[in-house]
Amino acid sequence: RVATLEGHVGFRLVRLDVAEATDFAALVKETGAKRLVHLAAQAGVRYSLENPFAYERANLHGHLSVLEACRHTEGFEHLVYASSSSVYGDRPNSGAFREDDPVDQPASLYAATKRADELLSTSYAKLYGLKQTGLRFFTVYGPWGRPDMAYFSFTRKILAGEPIEVFGEGKMARDFTYIDDIVDGIVGALDRPPAEPENRILNIGDNRPVGLMDMIATLEAALGREATKIMRPMQPGDVTETYADISKLQALTGYQPQVKLEEGLPRFVEWYRTYYGL
């Protein structure tokens, strides 16, 4: 998608591995950036079981590369980076996750790397006075999303007439957050750096958990087709429910999610059909 933005005023596409610290630092220095949004990561829980070192390089080495570039930039103002709701682990039926909840029992390697990023950022705030905001994302979905996520892969399989695997026997729930709302929250946080050097942690989600079977039903309605479902047990690293308390982000920025799943999934389906010529 970013390639389609080339030529627009103020946009420049640079293909670079964020874990290459020397190259990334040179880019930041060249641009003279004073604020930075760092979303680069190896995401996903299940793939971390297959290729753990991809998570070490992208999420640990990559985050450290960004921190080093920022702290060596004179007059640097604010780093906003992506953490994850996965850091909370699996605590079903406990209500909304709050930023001060315990996060010392990650259920997956992916979650562990994201929590490690938060700790690295805390140390850089204390050591070097780096102002940062870590956003704990809750199940982001929408156009141009990750093909490995359930809503995306389910769409492909349903349209192809293939069965879908429903993990956790369909009993899981997620705080699905539409991409447009996520962007509003990121920009709102970026525009409001902490008053003093700190690593500020904020949830960014929808605050409305939806059951997996309800999500599938909404997707089926948008596609006009019923899925053939194969029920599977919980997979290693999965959590039963995610549910964001977003009161801190709301107080800081006025953040208020606008797009409910009943609207967001049909938008995604429309994009999917157009993009793939279906």
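The following legends describe close-up views of a predicted model.

**View 1. Strand 2 and strand 3 run parallel and are joined by six bridges.** Strand 2 comprises residues 78-84, and strand 3 comprises residues 132-137. Leucine 79 is placed opposite glutamine 132, a residue of strand 3.

View 2. Helix 5 contains 12 residues and spans 16 Å from its first C-alpha to its last, close to the 16 Å expected at 1.5 Å a residue. The buried residues of helix 5 are Asp181, Ile182, Gly185, Ile186, Gly188, Ala189 and Leu190.

**View 3. Leucine 261 is a buried residue of helix 8.** Helix 8 covers residues 261-275. Leucine 261 has a relative accessible area of 7% and is therefore classed as buried, because that term applies under 20%. Neighbours within four places in sequence left aside, leucine 261 is in contact with Tyr141, Phe176, Val210, Met215, Thr218 and Pro266. The C-alpha atom of leucine 261 is separated by 7.9 Å from that of threonine 177, although the two residues are 84 residues apart along the chain.

**View 4. The largest nonpolar core has 27 residues.** Within this core, Tyr141, Tyr151, Phe154 and Met215 touch the most other members. At least two residues each are supplied by helix 4 (150-159), strand 5 (164-166), helix 6 (212-223) and helix 8. Helix 8 provides the largest share of the core, six residues.

**View 5. Phenylalanine 154 is in contact with residues including Ile164 and Leu212.** Apart from neighbours within four places in sequence, the contacts of phenylalanine 154 are Ile164, Glu165, Leu212, Met215, Ile216 and Leu219. Phenylalanine 154 is also one of the residues that touch the most other members of the largest nonpolar core.

View 6. Ile186 is one of the buried residues of helix 5.

How values were computed:
Residues numbered from 1 in each chain as written. Predicted model: local features only at pLDDT ≥ 70, side-chain atom pairs only at ≥ 80, totals over all residues. Heavy atoms only, no water. Pairing = 2+ DSSP bridges. Helix = DSSP H or I, 4+ residues; strand = E, 2+ residues; numbered from the N terminus. Expected span 1.5 Å × (residues − 1). Buried < 20%, exposed > 50% of the residue type's maximum accessible area, 1.4 Å probe, protein only. Contact = heavy atoms within 4.5 Å. Core = buried A, V, L, I, M, F, W, Y, C linked by side-chain atoms within 4.5 Å.
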